[in-house]
Amino acid sequence: MTALRYVYAVCRPFRSALQAQLTGVAGAPPKQLTHHGLVAVVSTVPEADFAEAPLRAHLEDLDWLTVTARAHQQVIDALTAVTTPLPLRLGTVFRDDSGVRTMMEAREQDFLRVLDRLEGRVEWGVKVYVEREPTETAEPTAPGPPEHAVGSGRDYLRRRRMQTRAHEDVWQRATEFAGRLHETLSAFGEEARLHAPQNATLSGASGQNVLNAAYLVPRSDSEEFVELVDREKDDAPGIRVELTGPWAAYSFTGEFAEESEVDR
């Protein structure tokens, strides 16, 4: 079976060893492929699954995509612990080592420019959700005199109006809170990116997402950034703040990587 080269990231040479038991996509351990002053982190994958046609088909398979994205992210996370990686798109595959080196040669200046900007920095993700309130039960269904039914209907409509107003109030507070939080965190971080709110059905997260943002923060300032988020999220009833990271700087690599939120 022919083996192709799957590329996870490009980075500068690093001395710290990755975990001995680390495996990547298709179960193969990652290795370093050096070219000039850059390193591509790669592993071998079977052509039967990762050639152009089968890969395109697999990318339509959510289960396969989830497993592959998690394996990809596992390698990126390991790299982030020891260096500053520039993650490449999920499913970046070349025929052989020579193909990888040709790609590195062609984009060397672009890689170096982005790595210089990201050196010593990590990405933190912050999401704000409006928590869903328990659905109130409808009016009683037991039969009764017509006048009771009218009264029950009016009570039900009044409760529904109160629920709607309460939800609108929480939504407005959450939106205003999210705006203030983003302004504060943007001032602290070196760069910030606003992403589209997550679809709850796809993400599986509870509540309605009103802020989905990423912040580029010097690794040395990460503890202070986490403390800042913790302070800002106090006194926010009905609003949930979710902090994730530190990640490789997916949101700040431009064309090289597309963010995957399978495990983020």
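A residue is called buried when its relative accessible area is under 20%, exposed when that area is over 50%, and partly exposed in between (1.4 Å probe, protein chains only). By that rule Arg-5 counts as buried, with 16% relative accessibility. This is a predicted model, in which local features need pLDDT of at least 70 and side-chain atom pairs count only at pLDDT 80 or more, while totals for chains, interfaces and linings use all residues. Residues are numbered from 1 along each chain as its sequence is written, and side-chain values use heavy atoms, with hydrogens and water left out.

**Salt bridges in general**
- A salt bridge is here a side-chain nitrogen of Lys or Arg within 4 Å of a carboxyl oxygen of Asp or Glu, and by this rule the count comes to 12.

- Asp-97 pairs with Arg-5 in a salt bridge whose closest N and O atoms are 2.7 Å apart.
- Because Asp-97 lies in helix α4 (residues 97-106) and Arg-5 in strand β1 (residues 3-11), the pair ties together parts that are 92 residues apart in sequence; helices (H or I, at least four residues) and strands (E, at least two) are DSSP runs, numbered from the N terminus.
- Asp-97 also forms a salt bridge with Lys-31, at 3.8 Å between the closest N and O atoms, and this pair links helix α4 with strand β2 across 66 residues.
- Asp-97 is buried, at 17% relative accessible area, whereas Lys-31 is partly exposed, at 38%.
- Together, Arg-5, Lys-31 and Asp-97 are linked in a network of salt bridges.

**The pair Arg-12 and Asp-116**
- The side chains of Arg-12 and Asp-116 form a salt bridge, 2.3 Å from N to O, which joins the loop between β1 and β2 (31-35) to helix α5 (residues 108-118), 104 residues apart.
- Arg-12 counts as partly exposed, with 28% relative accessibility.
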